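Me: Please go through this structure with me, one question at a time.
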Amino acid sequence: MAANVRATFLRITLGAELTRLREQAGLTGDQAAKKAGCAPSAISRVESGTSGFQRIEQFTKLLRDAYGVSRQDAAVLTDWYKNAKREDWWAPIGSVLPSGLSTFLAFESGARRVHVWTPMVVNGLFQTEDYAEALIEGARIADDRTAEFVESAVKVRMNRKKRITDEGMELICIMDQSVLTNVVGGLDVMRAQYEEIKRLAALPNVTLRFIPAKAPAYRVLSGEFQILDFDRKELPGPVVASTTVAGETRVLSKDRPVKQFIRRFDVLAQGALPVHETPVFIDQVAREVEKQHE
């Protein structure tokens, strides 16, 4: 597994793999615990990704005696286990993050490819620090947030950008024209934001397309959603993260809702401009915004 994968994602992934190994061995949680010399609750906690064993010897005994894992595979899983005990960068500010965001950040940290639909405001992975601060500060009173929350939320968005700028996560994003015409923080902030969008859109791992306001295309107006895909060896299939009106993030993994969101994204793509038109489209809309505010 890549070194940039975060600890929480490792715990989730390790838990899924241990569940698969136990079921493959034909054991119940109680039976596995007896072979490992631990309490059944320890098996349940490690499979759910919430915590580990009291002693690492219990983990290695589980792999060897209960599941019959080879020495090579056991070494890999033990490395995962050790790295999963570290603290993620967002852990110190987890208490002020919106509901569900910590879980989403864990999944995003392990994603290899993400498809995103974002209406109304610039997608968080493309936002400048000034745009993010103006956007979140503007909603602070309405959402009853503290100044600490604003500072933490901006920090999270700037850290998340490293997934595409430094770590090479593939991003396929569709945004509505309104994200360019809705002025956040004033014209100076928007000018810098337009340039930042173009800069990031030029990265080889980023694909950005827009749906023009006049296009008679399908749109999902209920809010942003993201389809996160992983290495198939690590997780079985994609999950969906959707944002509610209240700003909460829900992570869905069941096949039916995931497939529904995949269909929605495919239909959105049918109404979006070709990717090679993105820079020209941004410049065109930017000029229109400038004229409107002269």
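Me: Which residues does alanine 213 touch, not counting residues up to four places away in sequence?
Reply: This is a predicted model, in which local features need pLDDT of at least 70, side-chain atom pairs count only at pLDDT 80 or more, and totals for chains, interfaces and linings use all residues. Residues are numbered from 1 along each chain as its sequence is written, and side-chain values use heavy atoms, with hydrogens and water left out. Alanine 213 lies in the loop between β3 (206-211) and β4 (225-229), where helices (H or I, at least four residues) and strands (E, at least two) are DSSP runs numbered from the N terminus. With contact meaning heavy atoms within 4.5 Å, alanine 213 touches Gln177 and Arg219.

Me: Is alanine 213 buried or exposed?
Reply: Buried means under 20% relative accessible area, exposed over 50%, and partly exposed in between (1.4 Å probe, protein chains only). The relative accessible area of alanine 213 is 52%, so alanine 213 is exposed.

Me: How many residues of β4 are buried?
Reply: Phe225, Ile227 and Asp229 point one way from β4, while Gln226 and Leu228 point the other way. Residues on both sides are buried. For β4, the count of buried residues is five of five.

Me: Which residue of β5 stands opposite glutamine 226?
Reply: Strands pair if DSSP finds at least two bridges between them. β4 is joined to β1 (residues 113-118) by five bridges, running antiparallel, and to β5 (residues 239-243) by four, also antiparallel. In β5, the residue opposite glutamine 226 is alanine 241.

Me: How many residues does the largest nonpolar core have?
Reply: A nonpolar core is a set of buried Ala, Val, Leu, Ile, Met, Phe, Trp, Tyr and Cys residues joined through side-chain atoms within 4.5 Å. In the largest one, Phe126, Leu171, Leu180, Phe210 and Leu228 have the most contacts inside the core. Elements giving two or more residues to this core include β1, β3, β5 and α12 (187-201). The number of residues in the largest core is 38.

Me: At what angle do α7 and α9 pack?
Reply: Axes are lines fitted to C-alpha atoms, for helices over the stretch in contact, and angles run from 0 to 180 degrees between N-to-C directions. Helix α7 (residues 129-138) and helix α9 (residues 147-160) have axes 9 Å apart. Among the residues making the contact are Leu135 and Ile136 of α7 and Phe149 and Val150 of α9. The packing angle of α7 and α9 is about 145 degrees.
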